[in-house]
Amino acid sequence: MKKFEQLVCVDNTRLTQEALEKLSGYSQQQVRVFHDYPSNNQEIIDRINDADAVLVSWKTRIDAEVIAAAKNLKYIGMCCSLIDKKSANVSIDAAEQQDIIVKGVRDYGDEGVVEFILAQLISLAKGLGTHQWKPQQTELKGKTLGIVGFGTVGQMLAKTALAFGMKILYYSRTRKISLESEQITYADLEQLLKESDVVSTHLPRHTKLMSAHEFGLMKPNSVFINTSVGPTFESEPLLTWLAQAGHFAIFDADGAFGVSEDLVNHPSVRYTPKTTGMTDAAFERLSQKVLANIEAYLSE
């Protein structure tokens, strides 16, 4: 298997220590590893320097300017999900123009996200903490969960919620007819919002579906959840919606990334500054998939 001339981790990729040590086997020169996040393009360019391979987390953007400056770059390994060009933190088009291969991973932190959502819903329903959903403790059984975006996380959430007796409505760009049943039903977005007690969004980065019109369709005394990478909503309409009694929102660090302190500190918001998909098991899955991408590339 061939090796890269120089491999650089330009930020905190969250690879395990074992995986970071294995990187030395893929690089002729000593691997350069940064454990913080660059603050601007020039810092990213300086870190890459003359490297022909880069690993990067979702928090650092490798845009066209960076790619143009990295003259020796041949490989970019995204230590995060690569769903499509629009949501990627790497400019795929610019990379393709320079014949740079970009590889990302999928499905490494989903279990932790699903656990977080159900834990928060149970806590809210039972009043375990500073919030209680209804005047009387309630159950998830019989409630309707609307899932917007029915990829891997959405499907895992549906399966888990069914075990609690919830009814599932889902909205997706493409129907998943083979997954539909008496308990899992496709609905257009407006129907889903009108009929769901809980709405959970699972969308690619930079996808915002929830504005004033959509929040206006939601049921009284309902719950809105986002654990996507970045907001799926407009902040001001959400704040207006939350001002109504009985409405609650749930976010982790990814779901509220970049929003105002007014929102994350709102009395009707359950928020954690943690990225809930980043468990010890998720770091291990991420590391294995990133290394597998490198090995596949070097073996070609």
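Author: What follows is a set of questions about the terms used for this structure, with the value and the definition behind each answer. This is a predicted model, in which local features need pLDDT of at least 70 and side-chain atom pairs count only at pLDDT 80 or more, while totals for chains, interfaces and linings use all residues. Residues are numbered from 1 along each chain as its sequence is written, and side-chain values use heavy atoms, with hydrogens and water left out.

Reader: Why is H5 called oblique to H6?

Author: Helix H5 covers residues 110–126 and helix H6 covers residues 152–163, and the two pack at an angle of about 45 degrees with their axes 10 Å apart. Helices (H or I, at least four residues) and strands (E, at least two) are DSSP runs, numbered from the N terminus, and axes are lines fitted to C-alpha atoms, for helices over the stretch in contact, with angles running from 0 to 180 degrees between N-to-C directions. Angles under 35 degrees count as roughly parallel, over 145 as roughly antiparallel, 65 to 115 as roughly perpendicular and the rest as oblique. The angle of about 45 degrees therefore makes H5 oblique to H6.

Reader: Which residues make the contact between H5 and H6, and what classes do they belong to?

Author: Contact means heavy atoms within 4.5 Å. On the H5 side the residues are Asp 110, Glu 111, Val 113, Val 114, Ile 117 and Leu 118, and on the H6 side they are Thr 152, Val 153, Met 156, Leu 157 and Thr 160. By class, this contact has seven nonpolar, two polar and two charged residues, where Ala, Val, Leu, Ile, Met, Phe, Trp, Tyr, Cys and Pro count as nonpolar, Asp, Glu, Lys and Arg as charged, and the others, Gly among them, as polar.

Reader: What makes Gln 120 and Ala 125 buried or exposed?

Author: Buried means under 20% relative accessible area, exposed over 50%, and partly exposed in between (1.4 Å probe, protein chains only). Gln 120, which lies in helix H5, has a relative accessible area of 17% and is therefore buried. Ala 125, also found in helix H5, has a value of 1% and so is buried. Leaving aside neighbours within four places in sequence, Gln 120 is in contact with Ile 250 and Arg 270, and the C-alpha atoms of Gln 120 and Ala 249, 129 residues apart along the chain, are separated by 10 Å. Ala 125, not counting residues up to four places away in sequence, touches Gln 132, Trp 133, Gln 137, Thr 138 and Leu 140.

Reader: How do you know whether Glu 21, Arg 14 and Asn 221 are exposed or partly exposed?

Author: Glu 21, in helix H1 (residues 17–22), has a relative accessible area of 51% and is therefore exposed. Arg 14, in the loop between strand S1 (7–9) and H1, is partly exposed because its relative accessible area is 24%. Asn 221, in the loop between H8 and S10, has a value of 34% and so is partly exposed.

Reader: Why does His 266 count as buried, and which residues does His 266 contact?

Author: His 266 is placed in the loop between H10 and S12, and its relative accessibility of 16% is why His 266 counts as buried. Apart from neighbours within four places in sequence, His 266 is in contact with Leu 239 and Leu 242. Both Leu 239 and Leu 242 are among the buried residues of helix H9 (residues 235–242), which also include Pro 237, Leu 238 and Trp 241. The buried residues of H9 pack against helix H8 (212–217), strand S10 (223–226), strand S11 (248–251), helix H10 (261–264) and strand S12 (269–271).

Reader: What makes a set of residues a nonpolar core?

Author: A nonpolar core is a set of buried Ala, Val, Leu, Ile, Met, Phe, Trp, Tyr and Cys residues joined through side-chain atoms within 4.5 Å. The largest one has 47 residues, and those with the most contacts inside it are Phe 4, Leu 15, Leu 23, Leu 55, Ile 76 and Ile 294. Its largest share, seven residues, comes from helix H11 (residues 280–299). A second, separate core of 26 residues includes Phe 150, Ala 161, Ile 184 and Phe 248.
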